[in-house]
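Please find below my notes on this model, arranged as numbered points.

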Amino acid sequence: MSTNPNAASGLPVGRGLLYLIVTGAAWGTAGAAASLVYRTSDMGAFGLSFWRCALGLLLLLAGRGLPWKTRKTRQVSTEPPARRMVRALVTGLGLAVFQTAYFAAVESTGLAVATVVTLGAGPVLIALGARLLLGERLGAGGVLAVGGALAGLAVLTFGGSAATVRPAGVLLALLSAAGYAVMTLLTRRWGRGGAVDASDTTVGAFAVTTLCLLPFALHEGLVPHTAHPARLLWLLCYIAAVPTALAYALYFAGAAVVRSATVSVIMLLEPVTAAVLAVVLLGERLTAATATGTLLMLTAVAGLAVSEARGAGRRGPIPV
């Protein structure tokens, strides 16, 4: 039987691309907000991750039925409960590994190396997995776009810096990239197989991730000390609402209908947004490396997005 994955999920590819672009930009604000949290309190990485997921889960439960949950998926959700539970468990574990290993990599080897290894390895692992497991062809243009995006990421993160590479941190970053790849590939695979509710995917994944992070956050300390409780609360609410609840809901909806390699490259908008915020809001200097890396990555993202939107109309039904 042949099924059009876009029809199955009830979401057009063009809207899925828009959702992913918003997600990448929103994720890019999380780093700046987290830096302000660390400046405002003694909250650690596990505590921040736990509250990010726990508060995000509450917001998701309060906002069921928002734009990413389309009318069509509400009417035709045919997924068996057992499969829904397995999907939530696996996605949640992938999300927990992705977030936690990345924070550990940043602590071990620094932000620049952790970012370039995690976000650089992600598109490669996803492109290979999509080719082997999903039969998705990247094509010559796609290969060039991925190469350009990785080059831009390297220039953006390493340009003008004296980064120190530590093997343990690199291994943690690769583990983070593997968690991200598993999450993306499975979301795409399940999106092909029938009516998958993006809202249920996100809620289930965040419930699993919150439970996974709880013991580590308890060990580290759940309640931080701060001289500015109102500022800390505002920052936590922002992190939970925008780069978490909103962004991940849009991510799971978009990743179900857009080719996996395209998803991974569009998500490189995260470091681009972070770099722009560092210049505009945090007063960092705009260097030639920042400008060049940003331009390369934006060009790659735009090229793949246009190619994906055009190709969606030509590919037609895809066997599943």
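This is a predicted model: local features need pLDDT of at least 70, side-chain atom pairs count only at pLDDT 80 or more; totals for chains, interfaces and linings use all residues.

**Notes on helix packing and burial**

1. Helices α3 and α10 pack with their axes 8 Å apart and at an angle of about 65 degrees, where axes are lines fitted to C-alpha atoms, for helices over the stretch in contact, and angles run from 0 to 180 degrees between N-to-C directions. The crossing in which α3 passes α10 is right-handed; a crossing is right-handed if the near helix is turned clockwise from the far one by less than a right angle, and left-handed if anticlockwise.

2. Residues are numbered from 1 along each chain as its sequence is written, and side-chain values use heavy atoms, with hydrogens and water left out.

3. Taken as a whole, the chain has 13 helices and two strands, these being DSSP runs numbered from the N terminus (helices H or I, at least four residues; strands E, at least two). Of its 320 residues, buried ones make up 50%, where buried means under 20% relative accessible area, exposed over 50% and partly exposed in between (1.4 Å probe, protein chains only). Among contacts in the chain with a separation of 6 or more, 91% are accounted for by residues 24 or more positions apart, contact meaning heavy atoms within 4.5 Å.

4. Helix α3 also packs against α5, at an angle of about 155 degrees and with the axes 10 Å apart. That angle makes α3 roughly antiparallel to α5 (angles under 35 degrees count as roughly parallel, over 145 as roughly antiparallel, 65 to 115 as roughly perpendicular and the rest as oblique). Ala-45, Phe-46, Ser-49, Arg-52 and Cys-53 of α3 make the contact with Gln-99, Thr-100 and Phe-103 of α5, which by class gives four nonpolar, three polar and one charged residues.

5. The axes of α2 and α10 come within 8 Å and cross at roughly 155 degrees, and these two helices are therefore roughly antiparallel to each other. Here α2 passes α10 in a left-handed crossing, and the contact has 22 nonpolar, five polar and one charged residues.

6. Which residues touch the most other members of the largest nonpolar core? Of its 42 residues, they are Tyr-180, Met-183, Tyr-248, Tyr-251, Val-263 and Met-267, a nonpolar core being a set of buried Ala, Val, Leu, Ile, Met, Phe, Trp, Tyr and Cys residues joined through side-chain atoms within 4.5 Å. The largest share of this core, nine residues, comes from α10. Apart from it lies another core of nine residues, including Ala-33, Met-43, Leu-232 and Leu-236.

7. Arg-52, which lies in α3, deserves a separate comment. This residue counts as buried because its relative accessibility is 11%. Leaving aside neighbours within four places in sequence, Arg-52 is in contact with Trp-27, Ala-30, Gln-99, Ile-239, Ala-240, Pro-243, Thr-244 and Tyr-248.

8. Ala-217, placed in α9, is buried, with a relative accessible area of 0%. Not counting residues up to four places away, Ala-217 touches Phe-46, Gly-47, Phe-50 and Leu-222.

9. Leu-175 in α8 counts as partly exposed at 45% relative accessibility. The C-alpha atoms of Leu-175 and Phe-98, 77 residues apart along the chain, are separated by 7.3 Å, and beyond four places in sequence Leu-175 is in contact with Val-97 and Ala-101. Ala-274, found in α12 (residues 269-280), likewise counts as partly exposed, at 34%, and its C-alpha is separated by 6.9 Å from that of Ala-32, 242 residues away along the chain.

Technical notes:
Ala, Val, Leu, Ile, Met, Phe, Trp, Tyr, Cys and Pro count as nonpolar, Asp, Glu, Lys and Arg as charged, and the others, Gly among them, as polar.
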